[in-house]
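Student: Could we go through this protein together, beginning with how its strands are arranged?
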Amino acid sequence: MTGLHEEHTAKGSFELYGSFRLGGMELAMAVSSLQEVVNFPQDITHVPLAPSYALGLFNLRGELIPIIDLGGVLGLTGAVPHTEAKVAIVDSGDCKFGLVFDDTSEILRVFDGHRVSFERSDSASRTVSGVVKLDGGDRLLQILSLDAIAVLPGLPRLTSDRTAMAHRQSSRQGQRRQVVTFRVRDTHLALPMMAIHEIIRVPELQPSVLGSEFCLGLVNLRGQTVPVIDFSRLLACGPSAQAPAQSQDDQRIIVIQRGSMYFGLLVDAVESIHNYWPDDVLRMPLFQGTSAGLFMGCIPRDGVDSLILVDNDALSRMDVIVDITDGHRALYTASEETSASQKHAGARQTYVTFRLQHLVGLPISQLREVMDFPADGVRPPGAPEHVACMLNLRRRMIPIIDLRSLYGMPPHGDVAGQKVMVVEHDGECIGLTVDAVESIVAIEAADRMPVPRILHDQTGHTLQHDVAEVADLPDKRTLMLMDGHALAARFVRSEQAAA
């Protein structure tokens, strides 16, 4: 935005306006409401259930700014692609947003005599509030009404600075938290670890008399009726860029408890377990309407899309989910809950399941976090073959143990694609390489069976040596249950002895 244009024939008071171009039109807005102009951001987080003109959110120096497609609001088509467009950051009361323009023009000193205001009807707000007449009326610029844009249906509202400051101060006193990350179409979301009952593969769904566009059918989960909800349809997500066959193979059902009832969310893929500090969460503008309060914020991630953090309580209160769960509770669960409680009176434990040639489970209480295999790990000279590398994990050096090498298995074909599960025991951490992290399951005590003792007496380090129990899953697969603390303790003792 360059230059200062002034009509020298005008007299009286004046106001500064910035001029912009969009789809062959020239528009203007008061400079007093204009914070800055930036290039169209490369990384945008698309928000489910947002109105069509809300392109998404981007991170501007630690603040999430919604981007508004002004051309869509005004019925104009931009003359340049978004990659070449400009975004004007506007601060209008408690609403801050970015407006997309083709280009900026100049700063205008507009006198009262060159500004004509339009009268508004009481029935509608207009996004254009008047015109600026320059060059003897040969040049007309339409004045944007930022107040009218600020009250567009569904436009996100920012909390006050005082509320945000209080949130930041309280969050600094918190502890690291864990979320399960997953993908719905091309949107990356996360739910708090403790909000998830378990995660299962997609079985053949049973039909439900309450089936609808959102309810796909039922799953019988150890005697408990679980309605399955199409999460992509509920969030109004568009088509995925993923191949359909791959997407179906990766699909999972995330089971969440609502009171005495469970419901399942069908998602396209469960990706990982992510650790974050409360301070990491960028406060998220609240979209009005059905999505208000559904998202707690965004968690930035280096080199990949930001995570949209879902509020489990708000999710469980959505009218659609309340209707589906209450309806199925009334129809299906009156007798099932009694029989299920009698059958499974023992303690229940939750496991994270992973692939290591076999299907193995690790108690979720023993797991600190899950990460990609580190590219910057250092392998110390003389280290045993099963020590893949040492990793600086937030100023703590931890060994990364290659479980395939430890257990005498052939090397994994895609080392860079492996995951590392970090286990903590007595204040010490080790990382365990696995082929892939699969899901989260809840296992009743009555369903766990001890492994024959002869397998534990084998010499050498075999997978059976660290597996004390097995359990049968609802999909007929057998899960080997590993004690991560015992495994970690063995390596901690060996390191102490070597020292």
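Tutor: Two strands pair if DSSP finds at least two bridges between them. Helices (H or I, at least four residues) and strands (E, at least two) are DSSP runs, numbered from the N terminus. In this predicted model, six strands make up an open, mixed sheet ordered 20-13-14-23-22-21.

Student: Which strands stand at the edges?
Tutor: These are strand 20 (269–276) and strand 21 (282–283); each has a single partner strand, so one side of each lacks a neighbour in the sheet.

Student: How many bridges join strand 13 and strand 20?
Tutor: Strand 13 (residues 177–184) pairs with strand 20 in the antiparallel sense over seven bridges. Within this pair, Arg183 has Ala269 of strand 20 as its bridge partner.

Student: Changing topic, what is the mean pLDDT of the protein?
Tutor: The mean is 80, with 81% of residues at 70 or more; pLDDT is the predictor's confidence in each residue, from 0 to 100.

Student: Is Cys298 buried or exposed?
Tutor: Cys298 is buried at 1% relative accessible area, and Cys389 is also buried, at 4%. Buried means under 20% relative accessible area, exposed over 50%, and partly exposed in between (1.4 Å probe, protein chains only).

Student: Which conventions apply?
Tutor: Residues are numbered from 1 along each chain as its sequence is written, and side-chain values use heavy atoms, leaving out hydrogens and water. Local features need pLDDT of at least 70, side-chain atom pairs count only at pLDDT 80 or more, and totals for chains, interfaces and linings use all residues.
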